[in-house]
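This report describes one protein chain, from its overall make-up to a few selected side chains.

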Amino acid sequence: MLIKFEEISRDIDTLPEEAQILLLDFIQLLKKRYPQPEPENHSQEKSLYEKFDEIGLIGCCSVDENLSTTYKEVLSNTLDNKYDHRLYRILVSYY
């Protein structure tokens, strides 16, 4: 059977919007019913890094399980430990 994609496209364009939406739903149903076989080069399991990279994961970290309620305290302590503000406090009190 010779498929004429241009003719099909023109026929779809002449349909009302509701019919076009139904057609798209039907195409999605067919794609689920007849899934495409995966390419041979993807037969190997992807590494964890490749999976994260594929979904766009920027990064992750391990934190205290109560961080959602204690984040202000943790942030305050972390910044004080990271940046020594004693010099700043001395200068401010001097001026």
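This is a predicted model: local features need pLDDT of at least 70, side-chain atom pairs count only at pLDDT 80 or more; totals for chains, interfaces and linings use all residues.

Residues are numbered from 1 along each chain as its sequence is written, and side-chain values use heavy atoms, with hydrogens and water left out.

**Overall make-up**

The secondary structure consists of five helices and zero strands, and from the N terminus on the order is α-α-α-α-α. Helices (H or I, at least four residues) and strands (E, at least two) are DSSP runs, numbered from the N terminus. The chain has 95 residues, of which 0% count as buried. Buried means under 20% relative accessible area, exposed over 50%, and partly exposed in between (1.4 Å probe, protein chains only). The chain exposes about 10,000 Å², with 58% of that area supplied by carbon and sulfur atoms. Accessible areas come from the Shrake-Rupley method with a 1.4 Å probe, and for residues only the protein chains shown count as cover.

**Salt bridges**

The structure holds two salt bridges. A salt bridge is a side-chain nitrogen of Lys or Arg within 4 Å of a carboxyl oxygen of Asp or Glu. Side chains of opposite charge can pair when their charged atoms come close.

| Salt bridge | N to O distance |
|---|---|
| Glu 45 and Lys 51 | 2.6 Å |
| Glu 54 and Lys 46 | 2.1 Å |

Glu 45 counts as exposed because its relative accessibility is 63%, and Glu 54 counts as exposed at 55%. Lys 51 is partly exposed, with a relative accessible area of 35%, and Lys 46 is partly exposed at 29%.

**Helix H3**

Lys 51 lies in helix H3 (residues 48-55). Leaving aside residues up to four places away in sequence, Lys 51 touches Glu 45 and Lys 46, where contact means heavy atoms within 4.5 Å. Gly 56 follows H3 and has a positive phi, near 85°.

**Nonpolar patch**

Phe 26, Leu 29, Leu 30 and Tyr 34 make a nonpolar surface patch of about 420 Å². Patches are made of residues with over 30% relative accessible area and no salt bridge; like charges are joined within 9 Å, and nonpolar side chains (Val, Leu, Ile, Met, Phe, Trp, Tyr) within 5 Å. Leu 29 is placed in helix H2 (residues 17-33). Leu 29 counts as exposed because its relative accessibility is 53%.
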